[in-house]
Amino acid sequence: MNTTEKKTIGKMIHLYCNAKHGTSHALCTSCAELNKYAQKRLSKCIYGEDKPTCEKCPIHCYSSDMREKIKDVMRYSGPRMLFHSPRMAITHLIKGMKTPKRIS
Ligand SMILES: [Zn+2]
């Protein structure tokens, strides 16, 4: 479940870490931790495959410090994803346009 989102977020964290922290293949400790955290949150996301992108999600499941970190990653890697993985980025954009269903 959520495989596309998981790949997208992993790729975004890689791009960010490579550029900002000078890593090549492996992630630095703090980005690895962020990645693990993000993957775990995605696995637990109640929206499953139907989920909106996290920034539009009405349920803020990230803790505030992790949220700050992931926002930085998104800000940096979001636009760059268009060059590296256009198909992933476009899927992400389309998902971002969907309005999440309210879960009562
Ligand atoms: Zn890093």
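**A zinc site and its surroundings in a predicted model**

Along the chain, the donors of the zinc ion are spaced in the pattern C-x3-H-x6-C-x2-C. Here, donors are N, O and S atoms within 2.8 Å of the metal (3.2 Å for Na, K and Ca), and sites may look incomplete since water is not among the atoms. The structure is a predicted model, in which local features need pLDDT of at least 70, side-chain atom pairs count only at pLDDT 80 or more, and totals for chains, interfaces and linings use all residues. Residues are numbered from 1 along each chain as its sequence is written, and side-chain values use heavy atoms, with hydrogens and water left out.

Which atoms coordinate the zinc ion? They are Cys17 (SG), His21 (ND1), Cys28 (SG) and Cys31 (SG), at 1.9 to 2.3 Å. Cys17 belongs to helix α1 (residues 3-21), while Cys28 sits in the loop between α1 and α2 (29-44); this pair, eleven residues apart, links distant parts of the chain. Helices are DSSP runs (H or I, at least four residues), numbered from the N terminus.

Cys17 is buried, with a relative accessible area of 0%, and Cys31 counts as buried at 2%. Buried means under 20% relative accessible area, exposed means over 50%, and partly exposed lies in between (1.4 Å probe, protein chains only). As for disulfides, defined as pairs of cysteine sulfur atoms within 2.5 Å, the count comes to zero.

Helix α2 contains Asn35. Is this residue buried or exposed? At 16% relative accessibility, Asn35 counts as buried. Leaving aside residues up to four places away in sequence, Asn35 touches Gly10, Ile13 and Leu27, where a contact means heavy atoms within 4.5 Å.

Helix α3 (residues 64-84) holds Ser77, which is buried with a relative accessible area of 0%. Again not counting residues up to four places away in sequence, Ser77 touches Met12, Leu15 and Tyr16. Ser77 and Leu15 are 62 residues apart in sequence, yet 6.2 Å apart in space, C-alpha to C-alpha. A polar atom of the Ser77 side chain lies 2.7 Å from the backbone oxygen of Met12.

Side chains of opposite charge can pair when their charged atoms come close. A search of the whole structure finds two salt bridges, each a side-chain nitrogen of Lys or Arg within 4 Å of a carboxyl oxygen of Asp or Glu. One of them joins Lys71 to Glu68, with the closest N and O atoms 3.6 Å apart. Lys71 and Glu68 are three residues apart in helix α3, so about one helical turn separates them. Lys71 is partly exposed at 39% relative accessibility, and Glu68 is partly exposed as well, at 47%.

Arg75 forms a salt bridge with Asp72, and here the closest N and O atoms are 3.3 Å apart. About one helical turn separates Arg75 and Asp72 too, because they are three residues apart in helix α3. Arg75 counts as exposed at 55% relative accessibility, whereas Asp72 is partly exposed at 33%.

Conventions
Helix = DSSP H or I, 4+ residues; strand = E, 2+ residues; numbered from the N terminus. Polar contact = N/O pair within 3.5 Å; in protein donor to acceptor, adjacent residues only side chain to side chain.
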